[in-house]
Amino acid sequence: MLKYFDPRQLAHAPLQEMHNGGWADHAEKPSRAEIVLGQLGDCAAPKDVGRAPLARVHTADYLDFLENAHDRWRDAGRTGDAVGYTWPVVQRRPLKLDRIDAQLGRYSYDAGTPITADTWDAAYWGAQTALTALQPLLIGEARTSFALCRPPGHHAGADYLGGYCYLNNAAIAARAATDAGHPRVAIIDVDYHHGNGTQDIFWDAGDVFFASIHADPATDYPFYWGHADETGEGAGRDTTLNLPLPRGTRLPAYLEALDRVIGAVAKFAPGLIIVSFGADTFEEDPISHFKIAEADYPIIADRIAKLGRPTLVVMEGGYAVDALGRNVEAFLSGF
């Protein structure tokens, strides 16, 4: 399997996040990627194909904001990481508000996703990693590839950040694949948390099928997305499939849900599959509550591999850092 990573992704290192009513050490640490690299060995460097593929998914104003937010935070006399404290939950209008605090609220939805001086560079190279890993699949040089993206991406929408995510790597790769001539692409999200940003981006798009197996949002983040009755609208009607599962889910119940996803994806008949892989389904993950064991990951991956489509695996969550490398290697071995 081809593997890609850029060390500039390590520079993004938020200090704190607001969690359960207080400030806590940030869970999305550079060591996550370092542990995976230590397990997998050398990864190829991505190429820089520019900002245009990012702009096919994210709005121009959001990209401008993300690139410049921390500089503007410092220009306002602030120190540390930039983070919002007020959000427009109703009557959200495209107002032109120049104060950085207002824009942080406008372009985010939680206080767990600070912007550091290095966030834009890290997220940019994460997106380039996904795009580079996609390329050999498009030209038939490989059947599977792995993009070690960090920070993760699946919570980021077209014009917002959240859930430790800034640029939606899986969505950027999916749109690049359709632009390259694949009429249909499927994204299978197997992170513990629902990929709300990916769902939003393709909500009314008929050429990208989004399926997610995740913790029930009635009990777990991101709460407001990922319920089973969310199926898409317009041209995207019935191209979203959400399968929320209860806390404590083990492999047998997980595979039942996965088989439903496999059947739906096969019916959609995509030319290419993108897997948003989060190892936070692991039984020892500190912020999640499924009971998937290391030995289960090759079984899950093998079910997806049997679809027989070129497959790009994009790294998302996973916070049991000491076990993360082994869990990623186990999942990739299933391909």
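Which residues in H1 meet which residues in H10? Ser 31, Arg 32, Ile 35, Val 36, Gln 39 and Leu 40 in H1 meet Val 321, Leu 324, Gly 325, Arg 326, Val 328, Glu 329 and Leu 332 in H10, where contact means heavy atoms within 4.5 Å. These residues divide into 7 nonpolar, 3 polar and 3 charged (Ala, Val, Leu, Ile, Met, Phe, Trp, Tyr, Cys and Pro count as nonpolar, Asp, Glu, Lys and Arg as charged, and the others, Gly among them, as polar).

The model is predicted, with local features needing pLDDT of at least 70 and side-chain atom pairs 80 or more, while totals for chains, interfaces and linings use all residues. Residues are numbered from 1 along each chain as its sequence is written, and side-chain values use heavy atoms, without hydrogens and water.

Helices (H or I, at least four residues) and strands (E, at least two) are DSSP runs, numbered from the N terminus. Helix H1 (residues 30-40) packs against helix H10 (residues 321-333) at an angle of about 50°, their axes lying 8 Å apart. H1 is therefore oblique to H10 (under 35 degrees is roughly parallel, over 145 roughly antiparallel, 65 to 115 roughly perpendicular, and the rest oblique).

A second pair is formed by helix H8 (residues 251-268) and helix H9 (residues 297-305), with an angle of about 15° and axes 10 Å apart. H8 and H9 are therefore roughly parallel to each other. Their contact has 8 nonpolar, no polar and 2 charged residues.

In the unreviewed UniProt entry, the annotation "domain: Histone deacetylase" covers residues 28-333. Over residues 28-333 the chain is 38% helix and 11% strand.

Conventions: Axes are lines fitted to C-alpha atoms, for helices over the stretch in contact, and angles run from 0 to 180 degrees between N-to-C directions. UniProt positions are given in the numbering used here, feature names are shortened, and annotations may be inferred rather than shown by experiment.
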